[in-house]
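This report reads a protein model from its overall layout down to single residues. Please keep the sequence and the 3D view open while you follow the text.

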Amino acid sequence: CLADRIRCNWVLKGISTTPAGLYQLDYDTPSGPAKLTARSVAMTIPAWALADLLKDKVCRGVCVSREK
């Protein structure tokens with residue numbers, strides 16, 4: 001059931017990629033910090049909110065940090 005997989009009151013704090021090319025998502029949740037790993041991510045938030053999460057990334061299929 002989809003309702004069992006929806007998480008309310010979770011705030012996405014960061015997104016990165018793993019060496020295997022998966023996405024790692026860092027959240028603040030009512031129960032404390034949590035990490036999820038996924039093959040794909042669908043963002044359903046306004047672009048201005050997503051911009052802060054991706055400001056240090058360049059997306060070309062996979063997001064890569066611009067930090068040196």
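What percentage of the contacts in the protein chain with a separation of 6 or more is accounted for by residues 24 or more positions apart? Such residues account for 20% of those contacts, where contact means heavy atoms within 4.5 Å.

## Basis of the model

This is a predicted model, in which local features need pLDDT of at least 70 and side-chain atom pairs count only at pLDDT 80 or more, while totals for chains, interfaces and linings use all residues. Residues are numbered from 1 along each chain as its sequence is written, and side-chain values use heavy atoms, with hydrogens and water left out.

## Overall layout

The protein chain holds 1 helix and 5 strands, and along the sequence these follow the pattern β-β-β-α-β-β. Both kinds of element are DSSP runs numbered from the N terminus, with at least four residues (H or I) for a helix and at least two (E) for a strand.

Of the 68 residues in the protein chain, 16% are buried. Here buried means under 20% relative accessible area, exposed means over 50%, and partly exposed is in between, as computed with a 1.4 Å probe on protein chains only.

## The sheet

Strands of a sheet pair through backbone hydrogen bonds, either parallel or antiparallel. In this model, 3 strands form an open sheet in the order 1-2-3, with antiparallel pairing; two strands count as paired if DSSP finds at least two bridges between them. Strand 1 (11–17) and strand 3 (32–38) are the edge strands, each of which pairs on one side only. From one strand to the next, the twist averages 20°, an angle taken between N-to-C directions on a scale from 0 to 180 degrees, with axes that are lines fitted to C-alpha atoms.

Strand 1 pairs with strand 2 (residues 23–29) in the antiparallel sense over 6 bridges, and in this pairing Thr17 stands opposite Tyr23 of strand 2. The hairpin of these two strands has 5 residues between them, and in that hairpin Gly21 takes a positive phi near 85°. Strand 2 and strand 3 pair in the antiparallel sense over 7 bridges and form a hairpin with 2 residues between them; Thr29 has Gly32 in strand 3 as its bridge partner.

## The nonpolar core

In soluble globular proteins, nonpolar side chains tend to be buried together. The largest nonpolar core in this model has 7 residues, namely Leu12, Ile15, Tyr23, Leu25, Tyr27, Leu50 and Leu53. A nonpolar core is a set of buried Ala, Val, Leu, Ile, Met, Phe, Trp, Tyr and Cys residues joined through side-chain atoms within 4.5 Å. At least two residues of this core come from each of strand 1, strand 2 and helix 1 (47–54), and strand 2 supplies the largest share, 3 residues.

## Around Trp10 and Tyr27

A search of the whole structure finds 1 aromatic pair. It is formed by Trp10 and Tyr27, which are edge-to-face at 5.2 Å centre to centre, with 65° between the planes. Rings of Phe, Tyr and Trp (its six-membered ring) pair if their centres lie within 6.5 Å, and planes under 30 degrees apart count as stacked, over 60 as edge-to-face and the rest as tilted. Because Trp10 lies in the segment before strand 1 and Tyr27 in strand 2, the pair ties together parts that are 17 residues apart in sequence.

Trp10 counts as partly exposed, at 27% relative accessibility, whereas Tyr27 is buried, with a relative accessible area of 17%. Leaving aside residues up to four places away in sequence, Tyr27 touches several residues, including Val11, Gly32, Pro33 and Leu36. Arg7 lies over the face of Trp10, at 5.1 Å from the ring centre; a charge sits over a ring if NZ of Lys or CZ of Arg is within 6 Å of the ring centre and within 35 degrees of the ring normal.

## Two exposed residues

Asn9 lies in the segment before strand 1 and counts as exposed, at 64% relative accessibility. Although Asn9 is not a glycine, it has a positive phi of about 65°.

Lys13 lies in strand 1 and is exposed, with a relative accessible area of 52%. Not counting residues up to four places away in sequence, Lys13 touches Asp26, Tyr27, Asp28 and Leu53.
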